[in-house]
Amino acid sequence: MKRFKILHETSYHFSGWVQLLPHTLRLRPREGYELRIESSILDISPAATLRWRRDVEGNSVALATFNGNTQFLNIKSEIIIQQYDQTPLDFLVEDYAVNYPFTYRYEDKALLLPYMDLAKNSANRQLADWLDRLWQPGEKIQTFALLLRLNQSINQSLAYRRREEEGVQTAEQTLSYGSGSCRDSACLFMTAARQLGFAARFVSGYLYSPATTYPFGQAGSTHAWAEVFIPGAGRKGFDPTSGLVVGADHIAVAVARLPESVPPIAGSFHGPLGANMTVNVWVTESLQGRFDAAD
């Protein structure tokens, strides 16, 4: 088991006095048998009324509403988690799905359809040509090996580019530019996997990156990757930014069929145009039984 502290601070400074409209916050990691939350503190200034709910994907969403006018908005989330996903490669694939291609069972496919691209958009020649170089019909390959090949191909062929602007590049744009952010690479992986007949979804969360394995150059960051449903193994995460399988250093917060559906913070305001935003994220590990001020 690993223990992490996640500190996520977002500050907005407006050009004048504004009235804040409701904001949605997706900052709380997804709990399960692989991840448990020890403690969670959400500090918002000016003061807000919070209402928590689960969305259709089971993500934890906080709705913050405000009274009065303000010239700033500060949101600070501090969460301590226990992460148990230490052996991401310890799984078995159902016999019928060991080798690619395969067809999902009817009872599974009924639930997976929204995450699949059954239309097989052949008009998208750029993506189709790229996939043709990745795998050709008739080639014998195991399902997991093909997904690893896709993951590593994106990592090896694209340059990482940090993008501060909102939105996600399409798969075609990312291929054309030859670069993208982590969410762009995740979107490309998801789109390509769907074209191959897999059920895939987008994941946003945090990454513990203490060394130079990842290109972020800081102690943790927000991050994005993709998950594919593999019969017998369940939903397995793939991080095309690093080319690695998702494991203990990846902390999922929200999943979605569409990448633009799960921003960490979303909201609006009434007032003069113009605002400066500052975001800082730290993900730190501790082997102690608790965190102290030095962590």
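**Figure 1. The loop that holds Pro46, and the cis peptide bonds of the predicted model.** Pro46 lies in the loop that runs between strands β3 (35–45) and β4 (48–54); helices (H or I, at least four residues) and strands (E, at least two) are DSSP runs, numbered from the N terminus. The peptide bond that joins Ser45 and Pro46 is cis, with omega at about 0 degrees. A cis peptide bond also joins Tyr100 and Pro101, where omega is about 0 degrees. Pro101 is found in the loop between β7 (99–100) and α1 (106–112). In general, most peptide bonds are trans. The model is predicted, so that local features need pLDDT of at least 70 and side-chain atom pairs count only at pLDDT 80 or more, whereas totals for chains, interfaces and linings use all residues. Residues are numbered from 1 along each chain as its sequence is written, and side-chain values use heavy atoms, with hydrogens and water left out.

**Figure 2. The protein as a whole.** The secondary structure of the protein comes to five helices and 18 strands. The radius of gyration, 20 Å, is close to the 19 Å that the globule rule gives for 295 residues, so the protein is as compact as a globular protein of that length. The radius of gyration is taken over C-alpha atoms, and the globule rule is 2.2 Å times the number of residues to the power 0.38. Along its principal axes, the C-alpha trace spans about 65 × 45 × 40 Å. Of the 295 residues, 47% are buried; buried means under 20% relative accessible area, exposed over 50%, and partly exposed in between (1.4 Å probe, protein chains only). Among contacts between residues at least 6 apart in sequence, 74% join residues at least 24 apart, where contact means heavy atoms within 4.5 Å.

**Figure 3. Asp43 and Ile41 in strand β3.** Asp43 has its place in strand β3, and Ile41 is also located in strand β3. With a relative accessible area of 47%, Asp43 is partly exposed, whereas Ile41 counts as exposed at 51% relative accessibility. Leaving aside neighbours within four places in sequence, Asp43 is in contact with Asn74, Ile75 and Lys76. With neighbours within four places in sequence again left aside, Ile41 contacts Lys76, Ser77 and Glu78. The C-alpha atoms of Asp43 and Asp239 are separated by 31 Å, and these residues are 196 residues apart along the chain. For Ile41 and Leu244, which are 203 residues apart along the chain, the C-alpha separation is 31 Å.

**Figure 4. Pro137 between α2 and β8.** Pro137 is found in the loop between α2 (125–134) and β8 (141–142). Its relative accessibility is 63%, so Pro137 counts as exposed. Pro137 and Glu78 are 59 residues apart in sequence, and their C-alpha atoms are 49 Å apart in space.

**Figure 5. The packing of helices α3 and α5.** Two packed helices are described by the angle between their axes and the distance between the axes. Helix α3 (residues 143–157) packs with helix α5 (residues 182–195) at an angle of about 145 degrees, and their axes are 10 Å apart. Axes are lines fitted to C-alpha atoms, for helices over the stretch in contact, and angles run from 0 to 180 degrees between N-to-C directions. The residues that meet are Leu147, Leu150, Asn151 and Ile154 in α3, and Ser185, Leu188, Phe189, Ala192 and Ala193 in α5. By class, this contact has seven nonpolar, two polar and no charged residues. Ala, Val, Leu, Ile, Met, Phe, Trp, Tyr, Cys and Pro count as nonpolar, Asp, Glu, Lys and Arg as charged, and the others, Gly among them, as polar.

**Figure 6. Thr174 in helix α4.** Thr174 is placed in helix α4 (residues 171–177). The relative accessible area of Thr174 is 0%, so this residue is buried. Not counting residues up to four places away in sequence, Thr174 touches Leu158, Gln169, Ser179, Asp184 and Leu188.

**Figure 7. Cys182 and Cys187.** A disulfide is a pair of cysteine sulfur atoms within 2.5 Å, and by this rule the count comes to zero disulfides. Cys182 is in no disulfide, and the nearest cysteine sulfur, that of Cys187, is 12 Å away. For the sulfur of Cys187, the closest cysteine sulfur is in Cys182, and this distance of 12 Å is too far for a bond. Cys182 is buried, with a relative accessible area of 10%. Cys187 also counts as buried, at 8% relative accessibility.
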